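Some notes on the packing and the sheet follow, for reading alongside the coordinates.

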Amino acid sequence: MKVMILKDLSVLWSLFHVLILFILLYRSKYPQKKTFLLTVLFMGPLILLNIVAFISLGSEKMGQLFLLTCTLPSLIFFYLMSKDQKWRFLFTFCFADTAAYWIIIVTNMLEYYIGDGKNILIFGSRLLLFPLIEWFAVRYLRKPYMELQEAVSKGWEIFAAMAALYYLLLVVMGNFPSIIVKRQEEIPAFILVLILMPLTYCTIFASLYRQLLLYRKQQSERIWKEQRQQLEAQLENQQRVHKIRHDLKAHAITLSGLLVSGKVDEAQSYMWNMIYDMDTSQQSFCSNPYLNSVFSHFSNKFKKLEMELQLDVQIGEEELPYMELCQILSNALENAWDASKELAADRRKASVQMRYNRDYLIIRIKNHCKNNIYVKKGEIPKSTKGGAEHGFGVRTIQDAARKLEGEMLCYTEDNNFVLDVMLKVL
């Protein structure tokens, strides 16, 4: 009786920690409290039913049925819960299940070959190994893996397929036509598979980590580019202010000379001409000096490309979160400039609309793009210079918008790339 209790407890312990390992690596689309409640309500009864079936049918029979009784139902449930759909989710699910199943198979074999028949070894080894792999996941894997899932949305297909095949390989080799310990001639090949699996996953995660490093490098380059753009805009403003001060000094000398000579009418006429010249030479796109600086910088940049920029900015001098707004506008207009470089001159066009809608500031930036570019609503275009023109800056815009309790949406429509940003203004 005690032997069976230890074995049953080890099975319950294993199933519980398979769930924990997966939860450590996947991202739910629901808040944490709702995710926990739904997981308990679905996975709790499912685990208990599998425990009962294990006790009733035995380990050999359940090893053959486990894919249908637990793996597939939990896959469907978590797929509906997951923020990361398709291949990212499949890789995470298969990796967690494969790692846990690997521990279960290895501990079963250890108990069969060197155990004392009392299930003390299988219980003790699982009691130790599952928390150990979870510690490793939390300590070294979880943070970069979460960052990677957020950063990289494509290219997961091959990794997901490998993970799924490894899981099926372990299930089939370990249980069909009977459990592996009853097929002694296949043990050497199975051990090689057990050794190869961790090595393969190390290769996969090394490849994913290189992608993460590339993502971080692109982030650093983007930040440097933003800082350079801001410095260029500040330098242009400083040069403009310096020129105005120099011109005012010259105008003051002229006006002083006219007034000393008693030529009041000539002085008045000169002053009005001076005011007119300053109004026409000073670019003013909006009342906000920070945003005006961004618009001025890109207006000059677009003119050099013979590109038309249309502005419809309906804001005043009210206080705005200019850091985030400048970040959004700079990245969006830089993307528009990049997208227009390879277009014909008559198609180089961009527009900016800014207006209020109740408690929100609505921004729409639109520019012509290549005819073969397609971005579905809700998707983030992949960052590739020389490929999709709108890339890394879009994620920066999304981060800035969410920081202000807003949201961003981009898509293509009628050969135009459209970027909509909604920001909450307090």
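1. In this predicted model, the largest nonpolar core has 39 residues, of which Leu291, Phe295, Leu329, Met354, Ile363, Met408 and Val421 touch the most other members. A nonpolar core is a set of buried Ala, Val, Leu, Ile, Met, Phe, Trp, Tyr and Cys residues joined through side-chain atoms within 4.5 Å; buried means under 20% relative accessible area with a 1.4 Å probe, protein chains only.

2. Two or more residues of this core come from each of helix H9 (289-304), H10, S2, S3, helix H11 (392-403), S4 and S5. H10 gives the largest share, eight residues. Helices (H or I, at least four residues) and strands (E, at least two) are DSSP runs, numbered from the N terminus.

3. Apart from this core lies another, of 35 residues, including Ala160, Ile187, Leu194 and Phe205.

4. Met354 stands opposite Ile363 in S3. Contacts of Met354 (heavy atoms within 4.5 Å) include Leu291, Phe295, Leu325, Leu329 and Ile363, leaving out residues up to four places away in sequence.

5. The five strands form an open sheet with mixed pairing, in the order S1-S2-S3-S5-S4. Strand S1 (308-313) and strand S4 (407-413) are the edges, each pairing on one side only. Strands S2 (residues 349-357) and S3 (residues 360-368) pair in the antiparallel sense over eight bridges; pairing requires at least two DSSP bridges.

6. Helix H10 (residues 322-340) lies across S1, S2, S3 and strand S5 (416-424), at about 15° to S3. Axes are lines fitted to C-alpha atoms, for helices over the stretch in contact, with angles from 0 to 180 degrees between N-to-C directions.

7. Residues are numbered from 1 along each chain as its sequence is written. Local features need pLDDT of at least 70 and side-chain atom pairs 80 or more, while totals for chains, interfaces and linings use all residues, and side-chain values use heavy atoms, without hydrogens or water.

Note on methods. Buried means under 20% relative accessible area, exposed over 50%, partly exposed in between (1.4 Å probe, protein chains only).
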